Amino acid sequence: MPVFKGRGRIAAMVAVAALLFSGTGAADGAEESYGRPGDWPTWQGDRTGSRHNAAEWRINAHTAGKLNLKWAFAYSKTGFPAKSQPAVVDGSIYFGSPDGKFHALNAKSGATEWSFDLNTVDPNGVVIDGPTVARGKVFFGDNRGFLYALDRRTGRVAWAANTEPHAAGMHTSSPVYHNGRIYVGASSGENINPDRNYPCCTFRGHIDAFDADTGELAWRHYTVPEPQAVGSWPSGATRFEPSGAGVWSSPIIDPRTDTLYVGTGQLYSGTTGDFDSLLALDARSGAVRWKQQVTKADTWRLLCGFPDNDGYCPGQRDGTALDFDIGATPNLFRVNGRTMVGVGQKSGVYHAFDARTGEVKWRRQLSVPMPGGGLSGLQWGSSYDGKSLYMATYQANPGTLFALNPANGDVRWQTPNPADGCTTGGAAKFPNVCRLAHTPAVSSTHGLVYEGSNDGKMRIYDARDGKVLWTFDTIRDFAGVNGLTGFGSAISGNGGAVIADGMLYVQSGYYPGYPSEHGTVLLAFGL
């Protein structure tokens with residue numbers, strides 16, 4: 001029988017879902033691999049976080065300019081951004097939509113194979129992470145802390161688990177599969193509560209390992225100690241410390257050493273914990289192998305950006321309210337026979353460590369830090385193609401795409417967001433909205449680098465020199481294969497371009513939102 005977990009009213013609804021959606025896929029227990037060569041089965045691209053498709057040859061430096069839109073899938077207008085980066089496996093594409101549904105389509109045509117409504121398990125749930133496909137199942141989380149495993153051929157629930165004990169908890173971290181387990185981090189929106197009377201804060205970030213077949217929790221590693229009441233805020237609300245250090249980003253795995261690597265966020269309150277850190281954990285037990293804290297003090301929440309916040313944001317006075325968390329997913333790469341692990345930070349620094357010991361090997365500052373928001377730095381993720389590391393800065397005036405030497409961090413080339421991004425195409429109609437900023441994670445294939453912008457344009461760059469080879473403006477209306485009309489916007493963060501089987505897939509619908517009466521879109525390009 002499927003395993004369903006929950007509490008109270010949610011538990012009852014999950015039990016109903018168990019009756020409605022019983023059974024698991026025939027391939028469960030047998031499918032250990034991540035699909036076929038050329039698939040893109042997980043947010044990270046693979047377990048090691050490369051975001052590189054080594055089996056993609058059809059889209060190359062000679063053909064990239066010939067890409068055309070093949071189909072669009074339009075979302076109903078909800079006011080919620082499109083965040084769920086797709087997975088593509090064995091001819092099907094899997095992703096969540098802002099209206100609380102999860103879809104499986106034919107990857108070539110966009111024809112619907114099945115759709116799943118999260119409301120049958122978790123009312124008001126929305127998928128904001130990217131799925132992983134393995135063992136005949138599709139695994140993903142939602143904005144309320146539920147984790148799902150669906151049969152990838154039918155969309156039926158194999159198991160669903162309420163993994164987050166905190167009311168504000170959620171999954172921005174996308175899961176990764178390894179050796180019979182699903183690994184995923186937990187973050188929360190507790191830090192963006194603007195109410196001075198709120199008893200801040202009690203959320204504890206954590207990284208979890210679940211049995212992929214049953215949903216049973218194998219281990220949990222918390223990033224901060226249990227928050228304790230330590231007095232009152234100026235409003236009289238109870239003050240709890242420490243809290244925060246959410247796991248916003250997605251973990252990666254070194255399958256040769258069974259080591260999990262994951263970054264953590266800033267504190268919400270207090271001064272202690274594994275905040276702004278890269279953790280190396282034993283994937284089997286969750287034990288810490290090493291950790292590197294890249295910022296020594298960082299306590300930030302939304303009230304830090306409000307006027308008259310004295311007493312609510314102590315870090316504002318001493319300069320430690322930085323919001324310099326690690327929101328990006330790490331990369332494993334090889335240098336002179338040694339395995340390295342690198343990760344970008346919202347301070348604009350890319351850090352490289354010895355993967356076995358955690359020793360710092362090099363660091364590279366790529367943008368000027370922006371305190372109290374960290375929006376100028378490295379947001380979601382980088383790519384590694386075996387030759388170079390590729391990463392992009394966000395609101396760095398302008399955001400810039402970089403290629404780095406993995407041996408020492410030297411910049412091989414850098415290409416700023418094209419200066420005409422806000423004066424051409426659909427963005428030209430919205431000069432007060434447009435930004436020359438790179439929100440998405442970077443992706444790559446042989447000879448090509450893929451990165452989108454808040455100017456609504458998706459671009460492909462030459463991996464040799466950073467020259468723009470192809471540009472597509474998404475700020476326009478699109479007729480969806482599902483019968484709705486969609487309107488493009490900023491190329492979505494929480495993920496980036498997915499390239500699989502001669503196709504390119506892009507979510508257009510992130511912040512800033514370009515005004516339209518329509519919802520946003522998933523776009524599919526081919527030759």
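**Reading strands, turns and cores**

User: Let's start with a hairpin. How many residues sit between β9 and β10, and which residue in the turn has a positive phi?

Analyst: β9 and β10 form a hairpin with five residues between them, and Gly-155 in the turn has a positive phi of about 80°. A strand here is a DSSP run of E with at least two residues, numbered from the N terminus. One thing before we go on: this is a predicted model, where local features need pLDDT of at least 70, side-chain atom pairs count only at pLDDT 80 or more, and totals for chains, interfaces and linings use all residues. Residues are numbered from 1 along each chain as its sequence is written, and side-chain values use heavy atoms, with hydrogens and water left out.

User: In what sense do β9 and β10 pair, and over how many bridges?

Analyst: Two strands pair if DSSP finds at least two bridges between them. Strand β9 (residues 146-151) and β10 pair in the antiparallel sense, over five bridges. To find one of them, look for Tyr-148, whose bridge partner in β10 is Ala-160.

User: Why is β10 called largely enclosed?

Analyst: Burial is about relative accessible area: buried is under 20%, exposed is over 50%, and partly exposed is in between (1.4 Å probe, protein chains only). In β10, six of the six residues are buried, so the strand is largely enclosed by the rest of the structure.

User: Now β25. Which strands does β25 pair with?

Analyst: Five bridges join β25 to strand β24 (residues 331-335), and the two run antiparallel. β25 also pairs with strand β26 (residues 349-354), again in the antiparallel sense and over five bridges. For pairs to look up, Val-335 has Arg-338 as its bridge partner in β25, and Gly-344 has Tyr-350 as its partner in β26. Six of the seven residues of β25 (residues 338-344) are buried, so β25 is largely enclosed by the rest of the structure.

User: What do the turns of these hairpins look like? Which residues take a positive phi?

Analyst: Most residues other than glycine have a negative phi, and most peptide bonds are trans. Between β25 and β26 there are four residues, and Gly-348 in that turn has a positive phi of about 95°. The hairpin of β24 and β25 has two residues between the strands. There Asn-336 has a positive phi of about 50° although it is not a glycine.

User: Is Asn-336 buried or exposed? And what about Arg-135, buried or exposed?

Analyst: Asn-336 counts as exposed, at 78% relative accessibility. Arg-135 counts as buried, at 6%. Arg-135 lies in the loop between β7 (132-134) and β8 (137-141), and its phi is near 55°, a positive value in a residue other than glycine.

User: Where are cis peptide bonds?

Analyst: One joins Glu-241 and Pro-242, with omega about -15°; Pro-242 is in the loop between β17 (238-241) and β18 (243-244). Another joins Asn-397 and Pro-398, with omega about 0°. Pro-398 lies in the loop between β29 (389-392) and β30 (400-404).

User: Last topic: which residues in the largest nonpolar core touch the most other members?

Analyst: In soluble globular proteins, nonpolar side chains tend to be buried together. A nonpolar core here is a set of buried Ala, Val, Leu, Ile, Met, Phe, Trp, Tyr and Cys residues joined through side-chain atoms within 4.5 Å. The largest one has 36 residues, and Trp-71, Ile-93, Tyr-450, Leu-504 and Tyr-505 touch the most other members. Strands that each supply at least two residues of this core include β2 (68-74), β4 (92-97) and β41 (521-526). The largest share, five residues, comes from β41. A second, separate core of 18 residues includes Tyr-94, Val-121, Tyr-148 and Leu-150.
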